[in-house]
Amino acid sequence: MLEEEYEARRVLPHHLRKPAAEEPPFSYSIREAVPEDLPHVREIYNYYVTNSTVTFDDKPMTLRAWRSKYEHIRKANMPFLVAESPNGQILGYTLVAPWSAKAGYRYTVENSIYLGPAATGKGLGTPLLEALVNKCREAGIREVIAVIADQGADASIHMHEKLGFKEVGRMGRVGFKFGRWLGTVTMQKSLRGKK
């Protein structure tokens, strides 16, 4: 071995080191989804289909299925929002869909929210869900339901609680994915009256 391999490496004093490059602040805008966003929405959702139990879907959704879902939501005048970075990357999305096809449920919806893996833990989920709730209120929706997996979705449950959703029920062993049984936590937010 060479002698220099035995010597301790020298380190520049702090005042001579280059300052670390500052990471740009995390920024985004929230807007209505458009059809051109659907490939990105599909990519975000399918990540969770193949890598987690936060959705009970076990097969990735096709772009055709997303287009159909988008059209159904649009025809029902329900909100579908995306969060977009300054360079145009879709960071996450949130939407509501009818809770049931029965006419009596027409003022009740189920929400979904998914963030791209690189956007999690940066404070995006709460403002995105809050924007969805506000759009629901504007659309005349009265009740928003969230059905959340009871395992691996603690952050989602906490976020919904922070925005005033209340737990209204639990169901055990109603879903099967990755060789195990999973349950759900049902949460509800009433939009009547004040925020």
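**Ground rules.** I number residues from 1 along each chain as its sequence is written, and my side-chain values use heavy atoms, with hydrogens and water left out. Since the model is predicted, local features need pLDDT of at least 70, side-chain atom pairs count only at pLDDT 80 or more, and totals for chains, interfaces and linings use all residues.

**Entry: Ser 85.** I looked up its place and found Ser 85 in the loop between β2 (80-84) and β3 (90-98). Helices (H or I, at least four residues) and strands (E, at least two) are DSSP runs, numbered from the N terminus. Is Ser 85 buried or exposed? Ser 85 is buried, at 11% relative accessible area. Buried means under 20%, exposed over 50%, and partly exposed in between (1.4 Å probe, protein chains only). I then checked contacts, meaning heavy atoms within 4.5 Å. Leaving out residues up to four places away in sequence, Ser 85 touches Ser 27, Tyr 28 and Leu 91.

**Entry: aromatic pairs.** I searched the whole structure and noted 11 aromatic pairs. Rings of Phe, Tyr and Trp (its six-membered ring) pair if their centres lie within 6.5 Å; planes under 30 degrees apart are stacked, over 60 edge-to-face, the rest tilted. I picked out Trp 66 and Phe 80: their centres are 6.4 Å apart and their planes at 55 degrees, so I logged the pair as tilted. Trp 66 sits in helix α2 (residues 63-75) and Phe 80 in strand β2, so the pair ties together parts 14 residues apart in sequence. Trp 66 is buried at 1% relative accessibility. Phe 80 is buried too, at 0%. Ring pairs also join a cluster, whose members include Tyr 45, Trp 66, Phe 80 and Tyr 114.

**Entry: salt bridges.** Side chains of opposite charge can pair when their charged atoms come close. The rule I used asks for a side-chain nitrogen of Lys or Arg within 4 Å of a carboxyl oxygen of Asp or Glu. How many salt bridges does this rule give? The count is six.

- Glu 32 bridges to Lys 135, with the closest N and O atoms 3.8 Å apart. Glu 32 lies in strand β1 (residues 29-32) and Lys 135 in helix α3 (residues 125-138), so the pair ties together parts 103 residues apart in sequence.
- Arg 192 meets Glu 143 at 3.1 Å, N to O. Arg 192 is partly exposed at 47% relative accessibility, whereas Glu 143 is buried at 9%.
- Arg 31, Asp 37 and Glu 84 are linked in a salt-bridge network.
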